[in-house]
Amino acid sequence: MHDETHVLVIFPHPDDEAFGVSGTMAGQVAKGTPLTYACLTLGEMGRNVGNPPIATRESLRDIRERELLEAGKAMGLTDLRMMGFRDKTLEFLEDGVLESVVTDLVQELNPSVVISFYPEHGVHPDHDATAEAVKNALASMTKETRPRFWGVAITKDNPDVVYSIKPYIEQKIQTLKAHYSQFGATFPEHERLYREGNKEAVERLENERFHTFTFDDE
Amino acid sequence: MKPINAEDVQRLIEEYAEKDLYLHLETTNGAYASHFDQSFFSASAYIRNANVQYKQGKIRGDGPYRVGLELPIGWIYGEGLTHYEVNQNGQFILAGLNQDGKIAVTLELSEQPFQYD
């Protein structure tokens, strides 16, 4: 895992970090790297409410807020920020609103790397809107002052940064379990396969993959 | 939420009739529907905190259920409804959960605005 001065993680939904990034986050925290996780919404429009249902559309927000706090604890986070936007609305916000949220965070924290979704490869409109905001905010900086941008890409192969997060697998599993309303119905099976040493499950859970975004002036 | 009891829901529809209400109405097939199945035409709609007052309404079907509410000059309609509850804030919540328990539709009525900030 690279040495970083500050890691800034920006995702739109409370569970976006869990499968792809939580091991890296736990690892950086364990190394003593300052890390900030800014979560833009509380995922209050999620379709998963537990099966049988443990939530309604109206109670999901508070449940997912508690789950996010628990996930933060599992990763050892000390700077978890809930940015107060509404799920599924990010792409419709006034121009520049999200970009300035990113700019403010970067100016305050001076991160050496920003982790978010990779532009245009996030599938979900909130993922793509978040990635676009990060891209635009960082593009307006000079290349000497700009942090690296690592994107999680759902529809892009050949990541250039791959971490084995095996030393932090228990923190990652706890993070996934914390998002109970979202993964409670499906994760127990993933975990069982992992514990049994199923190759695909081990490969999937123990590795985290990032694509470095290249800006026009680089 | 518990599985719909049609008689109880009909009673609630009558209880909330002719009141100034806020409406939350939503259908969704999920943001990943076309990603998992490219032949799937993804469509959904969502309105939160519309002001409505309805004259009367009915729940119909054998489950999943349909609910239609008659406005002075229009209609509100939801299909695929399976679960309901009235929560501690007096919000009358109807939802349709699919085979995997995921929300596919919600139709909610409240005398106070739904949380919006």
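Predicted model: local features only at pLDDT ≥ 70, side-chain atom pairs only at ≥ 80, totals over all residues.
In chain A, seven strands form an open sheet in the order S3-S2-S1-S4-S5-S7-S6, and the pairing is mixed. Strand S3 (80–85) and strand S6 (161–164) of chain A lie at the edges, each pairing on one side only. From one strand to the next, the twist averages 25 degrees. Strands of a sheet pair through backbone hydrogen bonds, in either the parallel or the antiparallel sense. Within this sheet, strand S4 (residues 113–117) and strand S5 (residues 148–152) of chain A are parallel and share five bridges. One residue pair in this region is A:Ile115 with its bridge partner A:Trp150 in S5(A).

Two helices that pack on the sheet can be described by the strands they touch. Helix H1 (residues 22–30) of chain A is in contact with strand S1 (7–11), strand S2 (35–41), S6 and strand S7 (207–212) of chain A. The direction of H1 makes about 145 degrees with that of S2(A). Helix H4 (residues 125–139) of chain A touches S1, S2, S4 and S5 of chain A, and its direction makes about 150 degrees with that of S4(A).

The largest nonpolar core contains 50 residues. The residues with the most contacts inside this core are A:Val9, A:Ile10, A:Met25, A:Val102, A:Val114, A:Ile115 and A:Val134. H4(A) gives the most to the core, with six residues. Another core, of 22 residues, lies apart from the largest one, and A:Val49, A:Leu60, B:Ile59 and B:Val105 are among its residues.

Helix H2 (residues 60–75) of chain A has 16 residues. From its first C-alpha to its last, H2(A) reaches 22 Å, close to the 22 Å expected at 1.5 Å a residue. The buried residues of H2(A) include A:Leu60, A:Ile63, A:Leu68 and A:Ala71, and also A:Arg61, A:Arg64 and A:Glu67. The buried residues of this helix pack against H1, S2, S3, helix H5 (169–178) and helix H6 (180–183) of chain A. Just after H2(A), A:Gly76 has a positive phi of about 80 degrees.

The packing of two helices is described by the angle between their axes and the distance between the axes. For H2(A) and H5(A), the angle is about 175 degrees and the axes are 8 Å apart. An angle over 145 degrees counts as roughly antiparallel, and H2(A) and H5(A) are therefore roughly antiparallel to each other. On the H2(A) side, the contact is made by A:Glu67, A:Glu70, A:Ala71, A:Ala74 and A:Met75. On the H5(A) side, the contact is made by A:Gln171, A:Gln174, A:Thr175 and A:Ala178.

In chain B, strand S7 (residues 83–86) pairs with two strands. Two bridges join S7(B) to strand S1 (residues 2–3) of chain B, and the two run antiparallel; B:Pro3 stands opposite B:His83. Four bridges join S7(B) to strand S8 (residues 92–97) of chain B, also in the antiparallel sense. In that pair, B:Glu85 has B:Ile93 as its bridge partner. S7(B) and S8(B) form a hairpin with five residues between them, and B:Gly90 in the turn has a positive phi of about 75 degrees.

B:Glu70 is located in strand S5 (residues 65–71) of chain B. This residue counts as partly exposed because it has 15 C-beta neighbours inside 10 Å. Apart from neighbours within four places in sequence, B:Glu70 is in contact with B:Tyr54, B:Lys55, B:Gln56, B:Gly57 and B:Trp75.

The peptide bond from A:Asn51 to A:Pro52 is cis, with omega near 0 degrees, and A:Pro52 lies in the loop between S2 and H2 of chain A. In chain B, a cis peptide bond with omega of about -5 degrees joins B:Gly63 and B:Pro64; B:Pro64 belongs to the loop between strand S4 (56–60) and S5 of chain B. A:Val123, which is not glycine, has a positive phi near 70 degrees and lies in the loop between S4 and H4 of chain A. B:Glu18, also not glycine, has a positive phi near 60 degrees and lies in the loop between helix H1 (6–16) and strand S2 (21–27) of chain B. A:Val123 is partly exposed, with 17 other C-beta atoms within 10 Å, whereas B:Glu18 is exposed, with 11.

Note on methods: Residues numbered from 1 in each chain as written. Chains lettered and ligands numbered in written order. Pairing = 2+ DSSP bridges. Axes fitted to C-alpha atoms, helices over the stretch in contact; angles between N-to-C directions. Contact = placed C-beta atoms within 7 Å. Core = buried A, V, L, I, M, F, W, Y, C linked by C-beta atoms within 7 Å. Buried ≥ 20, exposed ≤ 12 C-beta atoms within 10 Å, placed from the backbone. Expected span 1.5 Å × (residues − 1). Parallel < 35°, antiparallel > 145°, perpendicular 65-115°, else oblique.
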